[in-house]
Amino acid sequence: MVGLLFIVSATEPGTYAYVKYGVARRIGDVILDRRKQDRRQIHQDAAMPERRDGDRRHRDITRELQAFGWAVVRR
């Protein structure tokens with residue numbers, strides 16, 4: 001069985017408790033969304049070229065967190 005990861009918005013502590021101890025107890029893990037802002041900043045006068053190949057995230061869950069307070073992804 002594929003494990004599920006439930007990501008709950010940090011502004012929804014009640015939802016976090018409900019999902020952690022009710023729904024996800026048997027089928028996955030639950031974490032709080034800890035993102036505050038995008039930490040990558042592009043500097044115009046950077047001495048080194050950008051080495052990163054892009055974003056590691058497979059899917060952007062920001063809209064789901066804002067609309068529902070939680071999102072589910074496969075591990």
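A residue counts as buried when its relative accessible area is under 20%, as exposed when that area is over 50%, and as partly exposed in between (1.4 Å probe, protein chains only). The model shown is predicted: local features need pLDDT of at least 70, side-chain atom pairs count only at pLDDT 80 or more, and totals for chains, interfaces and linings use all residues. Residues are numbered from 1 along each chain as its sequence is written, and side-chain values use heavy atoms, with hydrogens and water left out.

**The whole chain**

Helices (H or I, at least four residues) and strands (E, at least two) are DSSP runs, numbered from the N terminus. Along the sequence the pattern reads β-α-β-α-β. Of the 75 residues, 17% count as buried.

**The sheet**

Select the strands next. They form an open sheet of three strands with the order E2-E1-E3 and mixed pairing; two strands pair if DSSP finds at least two bridges between them. Strand E2 (28-32) and strand E3 (70-74) each have a single partner strand, so one side of each lacks a neighbour in the sheet. From one strand to the next, the twist averages 25 degrees.

Now display E1 with E3: the two run antiparallel and are joined by five bridges. Leu4 is found opposite Arg74 in E3.

**Ser9**

Move to Ser9, in the loop between strand E1 (4-8) and helix H1 (13-23). Because its relative accessible area is 12%, Ser9 is buried. Its side chain makes a polar contact with the side chain of Thr11 (2.9 Å). A polar contact is a pair of N or O atoms within 3.5 Å; within protein, one must be able to donate a hydrogen and the other to accept it, and residues adjacent in sequence count only if both atoms are side-chain atoms.

Contact means heavy atoms within 4.5 Å. Neighbours within four places in sequence aside, Ser9 is in contact with Leu32, Asp33, Leu65 and Gly69.

**Asp33**

Finish at Asp33, in the loop between E2 and helix H2 (62-68). Asp33 counts as buried because its relative accessibility is 18%. The side chains of Asp33 and Arg35 are joined by a polar contact of 2.9 Å. Not counting residues up to four places away in sequence, Asp33 touches Ile7, Val8, Ser9, Ala10 and Leu65.

Conventions:
Axes are lines fitted to C-alpha atoms, for helices over the stretch in contact, and angles run from 0 to 180 degrees between N-to-C directions.
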